[in-house]
Amino acid sequence: MQKTYFLLLVLLSLLSPAVMAQSYDIVIKDGHVIDPKNDIDAVMDIAIINNKIALISKNIDAKQAADVIEAKGMYVVPGLIDIHTHNFGGTQPDHQYENGNLGLAPDGFTFRNGVTTVVDAGSSGWRTFSTFKTQTIDNSRTRVLAFLNIVGEGMRGDYEQDLNDMDPRMTALVARRYKDIIVGIKLAHYEGHDWTPTDRAVEAGTAAKGIPVMIDFGGSTPPLPIEELFLKHLRPGDIFTHCFGQFNDREPIVDLATKKVKPFVYEARKRGIAFDVGYGNISFAYSQALPAAKEGFFPSSISTDLHVGSMNDAMKDMLTCMTKFLAMGMPLHDVIQACTSNPAKEIKHEELGNLSVGSGADVAILSVVDGKFGLFDYTGYKVEASKKFVCELTIRAGKIVYDLNGIASPIYQPKINTKNPQTVLITENH
Ligand SMILES: [Zn+2]
């Protein structure tokens, strides 16, 4: 008798509308889903449960969700990945990007841009990574990954010129120890006519089980040839950041006389070298990007090089960088790809940057709005644009972490007092 009663209860609970209503945590309705990895480019609904993508389908019943997001007329894309940021902010005087005043805690600017993953680009080295981890990585809602600087101290200003603190063995050792977080090795800012720093960074990347190297090629007089960099020193899968920079002491990818992308750049791309924007303060010039765009040479990944300086200058944020490439004729689908599945592939974390069923629910909902927008670079060159990206809502690990216009319903999930279920304690932002 007791057994029958129990079975009846189980059966009833399975059929109960109350249970049905809790089938999904979130359903995103009627958005235009762009998921380049899975070749999805259509109006679809997305359901999320237990922090994972549960279903992508034409018509998911919104009644089954605890929270419904109306995304009609908006683009629903994987949470954006910015693979060049500086997040090791701290209080050390004159330490710049390494525990100094030029780095920024990520959560303050990521979610409002649809960014759910950042990769700190070498702010820390093997000597300082654990401080960065404790201080920032472990305390951020944004997923923070890192390129480890070949310089043991990291980006500490003039210190970065010291060859004696570029130890490939120790760098590889720390990278292997934190292999879930450290996704590559970084070389930056080196000024000298010398291949040693590049070769040591590559040596560390190879020793750390073949993780990629991201090169900020610094400068030298005369400049070191980038053809030799791409074809002889770097390995397939390595990343050339600041790819549209134009400096006197660094060879550019677009020939200044012919305004054409140099033929060996195409050869390098074919060989597997990734070309990353790493916009920064002065590392993006229209004089390079526009001729490249004209012949259809677009970046493999769009990234900000966000730090205290660049965010208040021409760069501003991830969405502004994306808007600039849209304005230069890069197809919208490719812009999204350059901030999702492409960077995921570059950092060898292909579980990120897509909306595959079963993957972590990191989602960005974006609008492309019409208006009159001025997109300038640090030289003062300005491109007029009639469209720009706006972030409407961001979901990180299945939780709504940013909602610009209150398109989630309910906007705030009430937090129930478990001791007295009749009363609502407070309303908590999802
Ligand atoms: Zn940088």
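**Entry 1. Arginine 250**

I began with arginine 250, which counts as buried because its relative accessibility is 10%, and buried means under 20% relative accessible area. I note at the outset that the model I am reading is predicted.

I then looked up where the residue sits: arginine 250 belongs to the loop between strand E11 (239-240) and helix H8 (263-271). Which residues does arginine 250 touch, not counting residues up to four places away in sequence? I recorded Asp216, Phe217, Gly218, Pro223 and His242.

The side chains of arginine 250 and aspartate 216 are joined by a polar contact of 3.4 Å. A polar atom of the arginine 250 side chain also lies 2.8 Å from the backbone oxygen of glycine 218.

**Entry 2. The largest pocket**

I next turned to the largest pocket, and found Arg250 again. Its lining consists of 26 residues, and those nearest the centre of the pocket are His189, Glu191, Asp216, Arg250 and Ile282. I noted a volume of about 530 Å³ for the largest pocket. By residue class, the lining of the largest pocket comprises five nonpolar, 13 polar and eight charged residues.

**Entry 3. The cavities**

How many cavities of 30 Å³ or more does the structure hold? I recorded three. The largest cavity has a volume of about 100 Å³. It is lined by 16 residues, with Tyr190, Gly192, Phe217, Gly219 and Leu224 closest to its centre. I sorted the lining of the largest cavity into six nonpolar, five polar and five charged residues.

For the second largest cavity I noted a volume of about 50 Å³. Among the residues that line the second largest cavity are Asp82, Phe109, Val115, Thr304 and Leu306. The lining of the second largest cavity divides into four nonpolar, three polar and two charged residues.

**Entry 4. Threonine 117**

I located threonine 117 in strand E7 (residues 115-125). Is threonine 117 buried or exposed? Threonine 117 is buried, because its relative accessible area is 1% and the cut-off for buried is under 20%.

Leaving aside neighbours within four places in sequence, I listed the contacts of threonine 117 as Leu80, Ile81, Asp82, Thr142, Arg143, Leu145, Leu352 and Asp362. With arginine 143, threonine 117 forms a side-chain polar contact of 2.7 Å. I also looked up isoleucine 83: its C-alpha atom is 8.0 Å from that of threonine 117, although the two residues are 34 residues apart along the chain.

**Entry 5. The zinc ion**

Which residues are the protein donors of the zinc ion? I found His84 (NE2), His86 (NE2) and Asp305 (OD), which lie 2.1 to 2.4 Å from the ion. Their spacing in sequence reads H-x1-H-x218-D. Histidine 86 and aspartate 305 link distant parts of the chain, being 219 residues apart. Histidine 86 is in the loop between strand E6 (80-85) and helix H3 (107-110), whereas aspartate 305 is in the loop between helix H9 (286-294) and helix H10 (318-327). I noted that both histidine 86 and aspartate 305 are buried.

**Entry 6. Helix H9**

Finally, I followed helix H9 itself. Tyr286, Gln288, Ala289, Pro291, Ala292 and Ala293 of H9 are buried. I found that H10, strand E13 (363-376) and strand E14 (382-396) are among the elements covering the buried residues of H9. Just after H9, I recorded that glycine 296 has a positive phi of about 80 degrees.

Technical notes. Residues numbered from 1 in each chain as written. Predicted model: local features only at pLDDT ≥ 70, side-chain atom pairs only at ≥ 80, totals over all residues. Heavy atoms only, no water. Donors = N, O, S within 2.8 Å, 3.2 Å for Na, K, Ca; no water. Helix = DSSP H or I, 4+ residues; strand = E, 2+ residues; numbered from the N terminus. Buried < 20%, exposed > 50% of the residue type's maximum accessible area, 1.4 Å probe, protein only. Contact = heavy atoms within 4.5 Å. 1 Å grid on protein atoms, 1.4 Å probe; cavity = no way out; pocket = protein on both sides within 12 Å on 5 of 7 lines; lining within 4 Å. Points joined across faces, edges and corners; volume = space filled by probe spheres on them. Nonpolar A, V, L, I, M, F, W, Y, C, P; charged D, E, K, R; others polar. Polar contact = N/O pair within 3.5 Å; in protein donor to acceptor, adjacent residues only side chain to side chain.
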